[in-house]
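Trainee: Please show me the model. I would like to work through its strands, cores and ring contacts.

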Amino acid sequence: MKLHHLRNATLVIETEQHVILVDPMLGKRKTIPPFTIFRYNPKRNPLVSLPKNSREILSRVTICLITHLHPDHIDKAGEVYLRRKSIPVVCSSKDEKELTKRGLKIVQTLNYWEPQPFLDGRIIGIPARHGYGFIAKLMGNVMGFYIELANEKSIYISSDTIFTDDVQKVLIELKPDISTVACGTARLDIGQPLLMRMNDILKFAALAPGNVFANHLEALNHCPTKREDLKTALAENNLLSKTAVPADGTFVEY
């Protein structure tokens with residue numbers, strides 16, 4: 001299994017049989033307004049371009065998973081790509097109506113904690129809480145995914161979430177071989193962080209039974225955490241050897 005990191009939370013899971021796209025933010029630089037104006041420099045998003053090899057990787061995609069509707073996970077360019085290529089989409093049952101309205105081809109919807117057949121294996125929708133305190137309500141519903149495919153390592157796409165009992169349950173009970181974690185510590189102008197603080201990222205990495213794949217870094221104006229800061233903290237806690245912090249356009253082979 002290869003995990004291609006394109007940018008932010010956009011990744012591609014490549015196996016012998018399948019090429020699964022997750023959360024396609026495929027637009028050019030500066031096509032999305034700033035997510036924060038006062039707390040951090042109000043630059044337009046994304047801050048960086050898609051890597052040059054992304055077109056070739058995207059040309060092989062066979063199915064897409066969407067965790068939630070925020071534009072840094074599914075933007076206009078991502079929608080156009082999915083429509084043009086008629087890529088089948090899997091999402092939360094809560095997002096089906098909106099994504100259908102946008103012209104996407106929804107082939108499967110998930111409820112939290114209900115296992116369903118998926119490709120040659122199974123998938124479970126996992127609750128995700130997008131922020132500490134009241135801000136999570138404003139952020140709306142988010143779904144992570146736990147995926148098992150035939151003859152492949154199991155993978156947990158935790159998506160935009162803080163550390164919760166549900167996250168802990170996946171790591172302890174389902175024991176994913178690979179767990180992705182959003183590490184940018186995003187914040188709006190109001191409220192607490194929308195993603196895990198560093199202590200929770202470290203807790204996640206320590207509890208993960210297998211490898212950890214860190215993303216949601218250095219692509220958006222409201223995500224202050226840098227890759228080097230994350231690597232330093234992971235190294236200080238003896239967690240760097242199990243955690244990949246990939247650059248855009250690179251892949252990790254598991």
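Mentor: Start with β4. Both faces of this strand are covered. Helices (H or I, at least four residues) and strands (E, at least two) are DSSP runs, numbered from the N terminus. This is a predicted model: local features need pLDDT of at least 70, side-chain atom pairs count only at pLDDT 80 or more, and totals for chains, interfaces and linings use all residues. Residues are numbered from 1 along each chain as its sequence is written, and side-chain values use heavy atoms, with hydrogens and water left out.

Trainee: In what sense do β3 and β4 pair?
Mentor: Two strands pair if DSSP finds at least two bridges between them. Strand β3 covers residues 19-22 and β4 covers residues 63-66, with 3 bridges. Val22 stands opposite Leu65, and Leu21 has Cys64 as its bridge partner. The sense is parallel.

Trainee: What is the bridge partner of Cys64 in β5?
Mentor: Strand β5 spans residues 88-92 and pairs with β4 in the parallel sense over 3 bridges. The partner of Cys64 there is Val89.

Trainee: Which are the edge strands of the open sheet of 7 strands?
Mentor: The order is β6-β5-β4-β3-β2-β1-β14, with mixed pairing. An edge strand here pairs on one side only. The edges are β6 (105-110) and β14 (250-253).

Trainee: Which residues touch the most other members of the largest nonpolar core?
Mentor: A nonpolar core is a set of buried Ala, Val, Leu, Ile, Met, Phe, Trp, Tyr and Cys residues joined through side-chain atoms within 4.5 Å. This core has 26 residues. Its largest share, 4 residues, comes from α6. The residues asked for are Tyr156, Phe204 and Leu230.

Trainee: How many residues are in the second, separate core?
Mentor: Its members include Met1, Ile13, Val22 and Ile147. The count is 23 residues.

Trainee: Why is the pair of Tyr156 and Phe204 called stacked?
Mentor: Rings of Phe, Tyr and Trp (its six-membered ring) pair if their centres lie within 6.5 Å; planes under 30 degrees apart count as stacked, over 60 as edge-to-face and the rest as tilted. The count is 1 aromatic pair. Its centres are 6.3 Å apart, and the pair is stacked because the planes of Tyr156 and Phe204 stand at 25 degrees.

Trainee: How many residues apart in sequence are the parts this pair ties together?
Mentor: Tyr156 is buried, at a relative accessible area of 0%. Phe204 is buried too, also at 0%. Tyr156 lies in strand β10 (residues 155-157) and Phe204 in helix α6 (residues 198-207), so the pair joins parts whose separation is 48 residues.

Trainee: Which ring does the charged end of Arg197 sit over?
Mentor: A charge sits over a ring if NZ of Lys or CZ of Arg is within 6 Å of the ring centre and within 35 degrees of the ring normal. Lys2 sits over Phe251, 4.5 Å from the ring centre. For Arg197 the distance is 4.2 Å, and the ring is that of Tyr132.

Trainee: How far apart in space are Pro34 and His222?
Mentor: Pro34 lies in the loop between β3 and α1 (54-58). Pro34 and His222 are 188 residues apart in sequence. C-alpha to C-alpha, their distance is 7.7 Å.

Key: Buried < 20%, exposed > 50% of the residue type's maximum accessible area, 1.4 Å probe, protein only.
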